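User: I have a structure to read and I am new to this. Can you take me through a few features, one at a time?

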Amino acid sequence: MTPSPSPRFSVIGCPFTQTDLPSALSDTVTQALSGEGGYVCFTNVHAAVTARTGDGALGKILANSFMTLPDGKPLFWVGRLKGHADASHIPGPDFFPALLGMEHNPPLRHYFYGSTPETLAKLQKNIAERYPQ
């Protein structure tokens, strides 16, 4: 069952998901297990400004995400000031270890993209050691 989309709030035209860390984790797992796909964006101020001022491609990526989360504190605070009391600051470095530490049945698969093959190999090794599930 796919979770209901969380409401979104706009900061400089960028649509952020109004959620907290536990709900974002739960919704991500449910979405992943549904087989419907999707992606989560962790967005800072620079990316939000680029999405607004660029050629529109980044804005479309953020708008079409399963969730676009405020990775930067200024985005979270603007959301709060605009009346979105449930908005939370959810940095990728907090989300990812929490997601990896959750047990899932069936287990989730993760795809790592970017950097160099050596860096990706180190990341995979570190994750396997910290999260041996």
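User: Is Glu 129 buried or exposed, and what are the cut-offs?

Analyst: Buried means under 20% relative accessible area, exposed over 50%, and partly exposed lies in between (1.4 Å probe, protein chains only). Glu 129 has 52% relative accessibility, so it counts as exposed.

User: Which residue forms a salt bridge with Glu 129?

Analyst: Start with the general idea. Side chains of opposite charge can pair when their charged atoms come close. A salt bridge here is a side-chain nitrogen of Lys or Arg within 4 Å of a carboxyl oxygen of Asp or Glu. In this case Lys 125 is the partner of Glu 129, with the closest N and O atoms 2.8 Å apart. Lys 125 is also exposed, at 52% relative accessibility. Helices (H or I, at least four residues) and strands (E, at least two) are DSSP runs, numbered from the N terminus.

User: How many salt bridges does a search of the whole structure find?

Analyst: The search finds one.

User: What should I know about the model itself?

Analyst: It is a predicted model: local features need pLDDT of at least 70, side-chain atom pairs count only at pLDDT 80 or more, and totals for chains, interfaces and linings use all residues. Residues are numbered from 1 along each chain as its sequence is written, and side-chain values use heavy atoms, leaving out hydrogens and water. pLDDT is the predictor's confidence in each residue, from 0 to 100. The chain averages 89, and 95% of the residues score at least 70.

User: Which residues of helix α5 are buried?

Analyst: In α5 (residues 92–101) they are Gly 92, Phe 95, Leu 99 and Leu 100. Seen down the axis, they fall within an arc of 120°, so they line one face of the helix. The arc is that of the directions from the helix axis to the C-beta atoms.

User: What covers those buried residues?

Analyst: Look for contact, meaning heavy atoms within 4.5 Å. The cover includes α1 (21–34), β3 (40–43), β4 (67–70) and α6 (117–130).

User: What is the phi of Ile 12?

Analyst: Most residues other than glycine have a negative phi. Ile 12 is not a glycine, yet its phi is positive, about 45°. Ile 12 sits in the loop between β1 (8–11) and β2 (14–17). Its relative accessible area is 36%, so Ile 12 is partly exposed.
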